[in-house]
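Biologist: I am new to reading structures. Can we take one feature at a time?
Modeller: Good plan. Ask, and I will give the idea before the case.

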Amino acid sequence: MSENTQKTAITPSTHTTPPAKFSHGVKKGNILQVAGQVGFLPAEEGKAPTPAGPTLREQTLQTFANVKAVLEEGGATWDDVMMMRVYLTDVDHFAEMNEIYNQYFEEQGLKAPASARTTVYVGLPKGLLIEIDALAVLG
């Protein structure tokens, strides 16, 4: 396989080993897919993953930090993101999540237009309120 078509797993040092056989991110050529990230604090050896806190704000901001870590490890930035998918556990969190989302990306100083986004409602492990994945195209 040429270097441009080889699939490479992306795992930032801040992330734990996934609970199943998948990668936190996968890069092939100029495409980087970030797997669904949740609001776990950076990994500490010997400790179970810990949510950033019980609130949607705490978990959303940590989830953004976790997505950003995978993007950066793969050589991308928020400006390279074409599509984001947000998974919420409670429909009542939609408005609050949008406020947090808008404020976060306003603070990031993006040079490119905002990415496309879909939001759906799902079941997540106990205590987790949000999951986000992202698709980036570099260059």
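## Reading the features

Modeller: Start with E44. It is partly exposed, with a relative accessible area of 48%. Keep in mind that this is a predicted model.

Biologist: Which residue forms a salt bridge with E44?
Modeller: Look for a side-chain nitrogen of Lys or Arg within 4 Å of a carboxyl oxygen of Asp or Glu. Here K47 pairs with E44, and their closest N and O atoms are 3.9 Å apart. K47 is partly exposed, at 49% relative accessibility.

Biologist: How many salt bridges does this rule give?
Modeller: The count is 2. R85 and D133 also form one, with the closest N and O atoms 2.9 Å apart. R85 sits in strand β4 (residues 81-88) and D133 in strand β6 (residues 130-137), so this pair ties together parts that are 48 residues apart in sequence.

Biologist: Which residues of α2 are buried?
Modeller: First, the idea. An α-helix has 3.6 residues a turn, so residues three or four places apart point the same way. In α2, the buried residues are M97, N98, I100, Y101, Y104 and F105. They cover an arc of only 165° around the axis, so they lie on the same side of α2. On the other side, E99, E106 and E107 are exposed.

Biologist: Now pockets. How are they found?
Modeller: Rolling a probe the size of a water molecule over the atoms shows where empty space is left. Here the largest pocket has a volume of about 370 Å³.

Biologist: Which residues lie nearest the centre of the largest pocket?
Modeller: T16, P19, H24, V38 and F40 do, out of 19 lining residues. The lining divides into 10 nonpolar, 8 polar and 1 charged. Strand β3 (residues 31-38) gives the largest share of that lining, 3 residues.

Biologist: One last residue. Where does P125 lie?
Modeller: P125 is in the loop between β5 (116-121) and β6. P125 is exposed, with a relative accessible area of 53%. Its C-alpha atom is 33 Å from that of Q6, which is 119 residues away along the chain.

Terms used: Residues are numbered from 1 along each chain as its sequence is written. This is a predicted model: local features need pLDDT of at least 70, side-chain atom pairs count only at pLDDT 80 or more; totals for chains, interfaces and linings use all residues. Side-chain values use heavy atoms; hydrogens and water are left out. Buried means under 20% relative accessible area, exposed over 50%, partly exposed in between (1.4 Å probe, protein chains only). Helices (H or I, at least four residues) and strands (E, at least two) are DSSP runs, numbered from the N terminus. On a 1 Å grid over the protein atoms alone, a cavity is a set of points where a 1.4 Å probe fits but cannot get out, and a pocket is an open set with protein on both sides within 12 Å along at least five of seven lines; lining residues have an atom within 4 Å of a point. Grid points are joined across faces, edges and corners, and a volume is the space filled by probe spheres set on the points. Ala, Val, Leu, Ile, Met, Phe, Trp, Tyr, Cys and Pro count as nonpolar, Asp, Glu, Lys and Arg as charged, and the others, Gly among them, as polar. The arc is that of the directions from the helix axis to the C-beta atoms.
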